[in-house]
Number of protein chains: 2
Amino acid sequence: MDETVDETLREVFVSSERLYEGKMVNLRRDIVLLPNGKQATREIVEHPGAVAVVPVLPDGSILMVCQFRHPVGLVLREIPAGKLSPGEDPDECARRELEEETGYRAGRLERKASVFTGPGFTDEVIHIYIADDLVKTKMNPDEDEFLAIERWTPQQIRQMIREGHICDAKTISGMYLLQDQ
Amino acid sequence: MDETVDETLREVFVSSERLYEGKMVNLRRDIVLLPNGKQATREIVEHPGAVAVVPVLPDGSILMVCQFRHPVGLVLREIPAGKLSPGEDPDECARRELEEETGYRAGRLERKASVFTGPGFTDEVIHIYIADDLVKTKMNPDEDEFLAIERWTPQQIRQMIREGHICDAKTISGMYLLQDQ
């Protein structure tokens with residue numbers, strides 16, 4: 001099995017223009033040279049990166065977080081997640097976000113994958129963890145964060161993905177990684 | 001099982017400012033009212049939406065596409081995918097993108113989920129399909145699209161996800177949906 005990718009597909013960077021510097025994202029527009037020598041423009045949303053955690057309780061059930069997501073106008077059901085602060089270690093961020101959002105501390109935390117969420121337009125990467133040996137502590141969400149915590153079996157989560165009650169790519173990716181343990 | 005979400009978590013829209021109108025994405029900044037009555041700003045990347053297809057050959061192997069992704073600076077291995085044109089029907093887009101990118105026409109195409117890729121900052125939704133009864137036709141990528149097509153067994157894909165040779169959230173989500181058939 002040769003999993004090497006074909007590097008002749010690469011584009012060559014020509015120039016870059018900063019368009020917006022924001023609180024959560026920045027935006028820039030780059031010019032690149034395609035493999036055929038033609039120029040193309042690329043819009044890139046710069047994102048600090050994030051972590052997401054599949055928290056597994058001793059009985060095998062999973063903690064999920066419901067949260068309003070303004071960009072999509074819906075309350076979504078997701079695994080606990082949070083943005084990285086500049087320079088923050090992803091493992092520490094995952095421990096912190098899990099405890100703040102769910103009130104459980106991870107006895108064991110393992111990074112299973114680091115995935116790109118929308119590589120056609122953003123550099124966002126999410127580091128996905130599985131946490132177990134959970135110890136109940138205390139929820140401590142950010143002041144302006146409004147969450148509802150739920151607990152579901154993997155079978156119920158599978159059913160909710162099928163029926164569209166869970167429709168978040170990092171959560172579905174997390175469930176794939178959990179089954180692959 | 002009650003999969004209703006808690007609608008009291010919703011934020012209330014106050015106002016919106018357009019920041020950028022681009023070729024692939026737009027950017028706006030909204031002000032919202034939180035459940036505690038405080039105001040907050042939200043940056044939203046508007047995206048036209050996309051489709052992605054898990055193409056399953058008669059022997060169970062899967063077609064994958066390698067493509068340079070400028071925002072992340074890497075050649076990524078992904079399931080075939082493409083942006084929706086304005087007003088385009090996702091099913092038609094999925095058929096078209098599959099045939100253009102891989103040179104296979106789907107005898108059967110089923111939408112398995114519609115997932116948000118980064119609901120904290122973008123409205124992008126990807127409709128994920130499974131295609132089979134594939135018939136060989138002819139690749140016809142966009143003029144400025146440079147692709148390499150590969151064929152892997154689900155076991156090889158599982159291994160590449162484990163080892164980080166596949167690190168794309170829609171692809172991993174697609175593999176979850178495939179196993180759940």
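Predicted model: local features only at pLDDT ≥ 70, side-chain atom pairs only at ≥ 80, totals over all residues.
Let's start with two helices in chain A, H2, residues 154-163, and H3, residues 169-179, which pack at an angle of about 140° with their axes 12 Å apart. That angle makes H2(A) oblique to H3(A). As for handedness, H2(A) and H3(A) cross in a left-handed way.

Who makes the contact? On the H2(A) side we have Pro154(A), Ile157(A), Arg158(A) and Ile161(A). Across from them, H3(A) brings Ile172(A), Met175(A) and Gln179(A). Sorted by class, the contact between H2(A) and H3(A) comes out as five nonpolar residues, one polar and one charged.

Now, staying with H3 of chain A, let me turn to charges. Side chains of opposite charge can pair when their charged atoms come close. Here, Lys170(A) and Glu78(A) form a salt bridge through their side chains, at 2.6 Å from N to O. Lys170(A) sits in helix H3 of chain A and Glu78(A) in strand S6, residues 74-78, of chain A, so this pair ties together parts that lie 92 residues apart in sequence. And over all chains, the count of salt bridges comes to 44.

Last, the two copies. Thanks, everyone, and I'm happy to take questions!

Note on methods. Residues numbered from 1 in each chain as written. Chains lettered and ligands numbered in written order. Heavy atoms only, no water. Axes fitted to C-alpha atoms, helices over the stretch in contact; angles between N-to-C directions. Helix = DSSP H or I, 4+ residues; strand = E, 2+ residues; numbered from the N terminus. Parallel < 35°, antiparallel > 145°, perpendicular 65-115°, else oblique. Left-handed = near helix turned anticlockwise from the far one by under 90°. Contact = heavy atoms within 4.5 Å. Nonpolar A, V, L, I, M, F, W, Y, C, P; charged D, E, K, R; others polar. Salt bridge = Lys/Arg side-chain N within 4 Å of Asp/Glu carboxyl O.
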